[in-house]
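Subject: Structure for your files

Dear colleague,

Here is the structure I said I would pass on. My notes on it follow below the display.

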Amino acid sequence: MTLALLDRSQTMWTGSFAGMTCMAPAMLLLPLGDKFSKLLTETLNPIEVATVRVLAQAAFLLPAAVVLRNRLRGAMFSPVVALSGLLVMITLICLIGAFAVMPIATAIAVFFVEPLILTVLAGPLLGETVGPRRLAAVGAGLAGALIVIRPGPEFKVAALLPLLAAVSYALNMIVLRRAARTRSGLTIQCGATTYACLGMVALSSGLHAAGIVTPDPSALSTWASVLILGSGLLAAASYVLIAEAFRHAEAGLLAPFQYLEIIGATAADYLVFGEFPDGMTWLGIAVILASGLYVVYRERSRAPASMLPIAHKSRRVRPR
């Protein structure tokens, strides 16, 4: 019995370590791809950047899915996956639009109110009970976002773009929770990316026909092409790593690793553009991180309750 428990514990640790090993580099690669997208906004419209990025992402992701086809499970194309693709489009457009007008680290910092927004939406959309402590953490996190955005006389509406991206991403997480009941993570990623490609091409074509977006083929220099391919490769690699991470480890263990993205974004901003967050921005980032980590902690602290014997499950658990 003791040996069996030790073997099980060792297996769980091996799986968790593999998940963390996949998640950490994925979170550091994502802001590098975002940096490529920001550089592209200097010559292309954000809609165009989002279109070429998602097309390049599909060019790398779909062949990778063929290699990893044993990880595919469930229907890749369905209404729920199409909805995920639409939300991916909205998230990508808002984030790239934000990258065009503010440092990536600032945009990512505001974007990280997403776990807090997800906590609020989980109540009405998933029927999950959210207690006053977690609601207070959500309020604190949103206050941190306001510190980063700092609405004032020089406030630009574009500063709200990462907040809109966070709302869209949180909604996508809810959609993915439902889709993942009958599909693997890699299946959903491939299907959503395909739908996003079709949607972005249709949107770009429509805006071009209306004269709102005027593509300039001369802007696609060799350097721009390298940036497009690089952003697609990094995004595809990140999503494959994330899918593998969640295959090996539970979401509660991996959630804190997402905040490595802010570190990567700050380093990329400083090394490429010489931009570094000021004191108030760091204060807002700290508030957002603390609030998000508190929500993760409360979520994990509830997990053991579901593992108690049936006789103990009848007790009413106070929402937190």
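Not counting residues up to four places away in sequence, serine 168 touches Leu87, Ile90 and Thr91. Serine 168 sits in helix H7, which covers residues 161-179. Its relative accessibility is 5%, so serine 168 counts as buried; the cut-off for that class is under 20%. A polar atom of the serine 168 side chain lies 2.9 Å from the backbone oxygen of leucine 87. Isoleucine 117 is 51 residues away from serine 168 in sequence, while the C-alpha to C-alpha distance between the two is 9.7 Å.

Please keep in mind that all of this comes from a predicted model. The mean pLDDT of the protein is 77, with 80% of the residues at 70 or more. Among the elements, helix H3 (residues 79-99) has the highest confidence, at a mean of 93, and helix H13 (residues 310-313) the lowest, at 35. The pLDDT also stays under 50 over residues 304-320, although the model has 15 contacts for them beyond four places in sequence. Where pLDDT is low, the predicted coordinates should not be read in detail.

As to the overall architecture, the protein has 13 helices and 0 strands. Read from the N terminus, the order of elements is therefore α-α-α-α-α-α-α-α-α-α-α-α-α. Of the contacts between residues at least 6 apart in sequence, 87% join residues at least 24 apart. The protein has 320 residues, and buried ones make up 44% of them. Its accessible surface comes to about 16100 Å², and carbon and sulfur atoms account for 69% of that.

Which helix is largely enclosed by the rest of the structure? Helix H4 (residues 104-111) is, because 8 of its 8 residues are buried. The buried residues of H4 are Ile104, Ala105, Thr106, Ala107, Ile108, Ala109, Val110 and Phe111.

Serine 184 is in the loop between H7 and helix H8 (185-209). With 11% relative accessibility, serine 184 counts as buried. Its side chain makes a polar contact of 2.8 Å with the side chain of threonine 187. Leaving aside neighbours within four places in sequence, serine 184 is in contact with Arg71, Leu72 and Arg73.

The last item is on the surface. Tyr270, Leu271, Val272, Phe276 and Trp282 form a nonpolar patch there, and together they have about 570 Å² of accessible area. Helix H11 (residues 260-273) gives the most to this patch, with 3 residues. Leucine 271, one of the patch residues, is found in H11. Leucine 271 counts as exposed because its relative accessibility is 71%.

Regards

Note on methods
Residues numbered from 1 in each chain as written. Heavy atoms only, no water. pLDDT = per-residue confidence, 0-100. Helix = DSSP H or I, 4+ residues; strand = E, 2+ residues; numbered from the N terminus. Contact = heavy atoms within 4.5 Å. Buried < 20%, exposed > 50% of the residue type's maximum accessible area, 1.4 Å probe, protein only. Polar contact = N/O pair within 3.5 Å; in protein donor to acceptor, adjacent residues only side chain to side chain. Patch = residues over 30% accessible without salt bridge, like charges linked within 9 Å, V, L, I, M, F, W, Y side chains within 5 Å. Areas by Shrake-Rupley, 256 points an atom, 1.4 Å probe, with all protein chains shown as cover. Salt bridge = Lys/Arg side-chain N within 4 Å of Asp/Glu carboxyl O.
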